[in-house]
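Subject: Handing over the structure, with notes

Dear colleague,

Here is the structure that I promised to pass on to you.

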Amino acid sequence: GPLVAVGDFDAKEMRSLVTELFGGWKSPQPYARVPDPYRANKSAAIRIEVPDKANAVIIGAQRIPMNDLSADYPAMLVGSFILGDSSSARIPARLRQKDGLSYGAGTYFQPSALDENSTIGSYAIFAPQNLPRVRTGFAEEFAGAIKDGFTDAEVADAKLGVLQERRLGRTEDGRIAAALTSQAFYGRTFATSGAVDASIEKMTTADVNAALRKYFKPDEMAYAFAGDFPKN
């Protein structure tokens, strides 16, 4: 497998050390990737009682048939950023600033690099008695995003934010090493990342709203919530 080192080091010494540590190692079994194909999930509300906890947690997830090479992937990155993947996004604004229910709330987007099987989801930490209000906040914000779409200002700000995060990540040794390792495995280069950046730069508000409506189905999201909930 590939090994990547990034930083201030002597390449000759590094190669010698790696050879000493791993040069004679052989895998007991040949490598075989396990496919993870898309399967539409069903909506769910799984309640888990955890006694004597001051806080409760809710996590939701929905599978979408997409990977990070799909045409709509850049638009979903921007849409998730607006929805809840930044401190000023809609979900944190609703559950923290407006309703005062959570100091940690948002959405997440986990793209697959191979199978067209990605995940978009939501999360929040809150007082157990506020579960109904938290679920209402999620439902109303998701419904509003689908119905009314995002604004030009939201999309413009999100594009800048997403591009800044991606470019900043390419200045950090650890993230560069991780990127080079995955590129070696997937047969890619930084040109792939550059193509995503270019798509984001020319993206329109209509592109983001169309992708969100195509893939994001809040009614299909499966939720699990754990905490010491009121018994009545």
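This is a predicted model: local features need pLDDT of at least 70, side-chain atom pairs count only at pLDDT 80 or more; totals for chains, interfaces and linings use all residues.

Residues are numbered from 1 along each chain as its sequence is written, and side-chain values use heavy atoms, with hydrogens and water left out.

The whole chain

The protein chain has eight helices and five strands, where helices (H or I, at least four residues) and strands (E, at least two) are DSSP runs numbered from the N terminus. Read along the sequence, these elements follow the pattern α-β-β-α-α-β-β-α-α-α-α-α-β. The C-alpha atoms fill a box of roughly 65 × 45 × 35 Å, taken along the principal axes. Of the 232 residues in the protein chain, 38% are buried; buried means under 20% relative accessible area, exposed means over 50%, and partly exposed lies in between, with a 1.4 Å probe and protein chains only. The accessible surface comes to about 13700 Å², and 55% of this surface belongs to carbon and sulfur atoms; the areas come from the Shrake-Rupley method with a 1.4 Å probe, and for residues only the protein chains shown count as cover. Among contacts with a separation of 6 or more, 79% are between residues 24 or more positions apart, a contact being heavy atoms within 4.5 Å.

Helix 3 and helix 4

Helix 3 (residues 90-98) packs with helix 4 (residues 131-148) at an angle of about 145°, and their axes are 10 Å apart. The axes are lines fitted to C-alpha atoms, for helices over the stretch in contact, and the angles run from 0 to 180 degrees between N-to-C directions. On the side of helix 3, the contact is made by Arg90, Ile91, Arg94 and Leu95, and on the side of helix 4 by Val134, Thr136, Gly137, Phe138, Glu140, Glu141, Phe142, Gly144 and Ala145. By class, this contact has six nonpolar, three polar and four charged residues, with Ala, Val, Leu, Ile, Met, Phe, Trp, Tyr, Cys and Pro counted as nonpolar, Asp, Glu, Lys and Arg as charged, and the others, Gly among them, as polar.

Within helix 3, the residues Arg90, Ile91, Pro92, Arg94 and Leu95 are buried, and what covers them includes helix 2 (73-83), strand 3, strand 4, helix 4 and helix 5 (152-169). Arginine 94, in helix 3, counts as buried because its relative accessibility is 10%. Its side chain is joined to that of glutamate 141 by a polar contact of 3.1 Å; a polar contact is a pair of N or O atoms within 3.5 Å, and within protein one must be able to donate a hydrogen and the other to accept it, while residues adjacent in sequence count only if both atoms are side-chain atoms. Leaving aside neighbours within four places in sequence, arginine 94 is in contact with Asp99, Thr136, Gly137, Glu140 and Glu141. Helix 3 is followed by glycine 100, whose phi is positive, near 65°.

Serine 112 is found in the loop between strand 3 (104-110) and strand 4 (118-126), and it is buried, with a relative accessible area of 15%. Its C-alpha atom is separated by 4.7 Å from that of asparagine 67, although the two residues are 45 residues apart along the chain. The side chain of serine 112 also reaches the backbone nitrogen of leucine 114 at 3.3 Å. Not counting residues up to four places away in sequence, serine 112 touches Met66, Asn67, Asp68, Asn117 and Ser118.

Tyrosine 73, in helix 2, is buried as well, with a relative accessible area of 8%. With the same exclusion of residues up to four places away, tyrosine 73 touches Met66, Asn67, Asp68, Phe109, Pro111, Arg166 and Val196.

Two exposed loop residues

Aspartate 52 lies in the loop between strand 1 and strand 2 (56-64), and is exposed, with a relative accessible area of 73%. Its phi is near 65°, a positive value in a residue other than glycine, whereas most residues other than glycine have a negative phi. Lysine 26, in the loop between helix 1 (11-22) and strand 1 (44-49), counts as exposed because its relative accessibility is 74%.
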